[in-house]
Amino acid sequence: MLKLGSHVSMGGNDMFLASVEEAVRYDANTFMVYTGAPQNTFRKPIERLNIDAALNRMQEAGIVPADLVVHAPYIMNLANPDPEKRDFAIRFLTDEVIRTAAMHVTQIVLHPGSAVGGDRLQAVTWIAEGLNEVIRRTPDQTVRIALETMAGKGNEIGKTFEELAAIIALVDDQRRVSVCFDTCHTHDAGYDIKDDFDGVIAAFDRIVGKDRISVFHVNDSKNVRGAAKDRHENLGFGFLGFDSLMKVILHPAFTHVPKILETPYVEGQPPYAAEIKMIKDGRFDPDMKDKIGQEKP
């Protein structure tokens, strides 16, 4: 069964329950959520996340918690040359893993980090050391940390499959690490997702192992291949195109892997119900953005 959903919000008094209800409105059977704002470290206590009510609603809707995804905030950098800032990243990621487990979710997506100062080999080592420490501090957890493929903006680590493989090779308990494959990011990094996805996956399999892919972020791109800019576009409206993204979504090697949409809002409105419908219908709607714009309150 296709596991298809999008990024949804967690907020208000309902918290995690609100996330489930939003996903249900989109006709999704999975979703991705931040446990708080991605740009800051403020987090409500676990007991205020409304987890039990969310789990009950998921059961009613046929959503399996193990198919869900948490995304770590952007502000952590396990590769920061400042040891105090690396320690902060380790402590905060440890807390996020604990929150993820409390929500009955089995994976958390992480942007690997940025090579501040430009020493990429040292950055890879620091990231792996940080992951080892987080895993050591959460020995009883089954949560995997999914390293995201990155577009290569600035000094981002994870632009190449080789960098991801190098990090994973230095992790002691490799059962606790996986990969989040982002279509926009890999396209922007220079991989030919549009015309040779099978070839890209064959290369990924040789270098990292395709069995490590535990979630896809399915996004079109506003950029030409290799632009290294990381600017998402709505499905079918960018340089990847609807048909190419459908090949990713329906690829037989990844039927068990959740596919998460992170495409831009249209006129302030979430596009996910419309995009999920397009995917399920197997047909691109060139008027989708106009229709969403007309629905704007």
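**Entry 1. K222 and E233**

I looked up K222 and found that K222 forms a salt bridge with E233, with the closest N and O atoms 3.3 Å apart; a salt bridge here is a side-chain nitrogen of Lys or Arg within 4 Å of a carboxyl oxygen of Asp or Glu. K222 lies in the loop between strand 8 (220-221) and strand 9 (232-233) and E233 in strand 9, so the pair ties together parts that are eleven residues apart in sequence. Helices (H or I, at least four residues) and strands (E, at least two) are DSSP runs, numbered from the N terminus. K222 counts as partly exposed, at 34% relative accessibility, whereas E233 counts as buried, at 8%. I use buried for under 20% relative accessible area, exposed for over 50%, and partly exposed for values in between (1.4 Å probe, protein chains only).

I note that this is a predicted model, in which local features need pLDDT of at least 70 and side-chain atom pairs count only at pLDDT 80 or more, while totals for chains, interfaces and linings use all residues. Residues are numbered from 1 along each chain as its sequence is written, and side-chain values use heavy atoms, with hydrogens and water left out.

**Entry 2. Other salt bridges**

I searched the whole structure and found 15 salt bridges. One of them joins the side chains of D67 and K3, at 3.1 Å from N to O. This pair links distant parts of the chain, 64 residues apart: D67 is in the loop between helix 2 (51-61) and strand 3 (69-71), and K3 is in the segment before strand 1 (4-7). Both D67 and K3 are buried.

I then turned to D281 and K277, whose side chains meet in a salt bridge of 2.6 Å, N to O. Both lie in helix 9 (residues 272-281), four residues apart, which is about one turn of the helix. D281 is partly exposed, with a relative accessible area of 37%, and K277 is exposed, with 52%. I also recorded a network of salt bridges that links E21, R57 and E60.

**Entry 3. E156**

The side chain of E156 reaches the backbone nitrogen of G152 at 2.9 Å and that of A151 at 3.5 Å. E156 is found in the loop between strand 5 (144-148) and helix 5 (161-169). Not counting residues up to four places away in sequence, E156 touches G113, S114, R120, M150, A151 and E163, contact being heavy atoms within 4.5 Å.

**Entry 4. E148**

I placed E148 in strand 5, where E148 is buried, with a relative accessible area of 1%. The side chain of E148 makes a polar contact with the side chain of H71 at 3.3 Å, and a further polar contact, of 3.1 Å, joins the side chains of E148 and H111. A polar contact is a pair of N or O atoms within 3.5 Å; within protein, one must be able to donate a hydrogen and the other to accept it, and residues adjacent in sequence count only if both atoms are side-chain atoms. Leaving aside neighbours within four places in sequence, the contacts of E148 include C180, D182, H185, H217 and E262.

**Entry 5. Nonpolar cores**

I found 82 residues in the largest nonpolar core, and those with the most contacts inside it are F16, L93, L131, I145 and F181. Helix 4 (residues 120-137) gives the largest share of this core, seven residues. A nonpolar core is a set of buried Ala, Val, Leu, Ile, Met, Phe, Trp, Tyr and Cys residues joined through side-chain atoms within 4.5 Å. Beyond its neighbours within four places in sequence, I145 is in contact with residues including L93, V97, L131 and V177. Another core, of seven residues, lies apart from the largest one, and has V69, V109, V215 and I260 among its members.

**Entry 6. Helix 7**

I checked which residues of helix 7 (residues 197-207) are buried, and recorded F197, V200, I201, A203 and F204. They cover an arc of only 160° around the axis, which puts them on the same side of helix 7; the arc is that of the directions from the helix axis to the C-beta atoms. The face turned away from this buried side carries the exposed residues D198 and R206. Among the elements that cover the buried residues of helix 7 are helix 5, strand 6 (177-182), strand 7 (213-218) and helix 8 (242-249). Just after helix 7, G209 takes a positive phi of about 110°.
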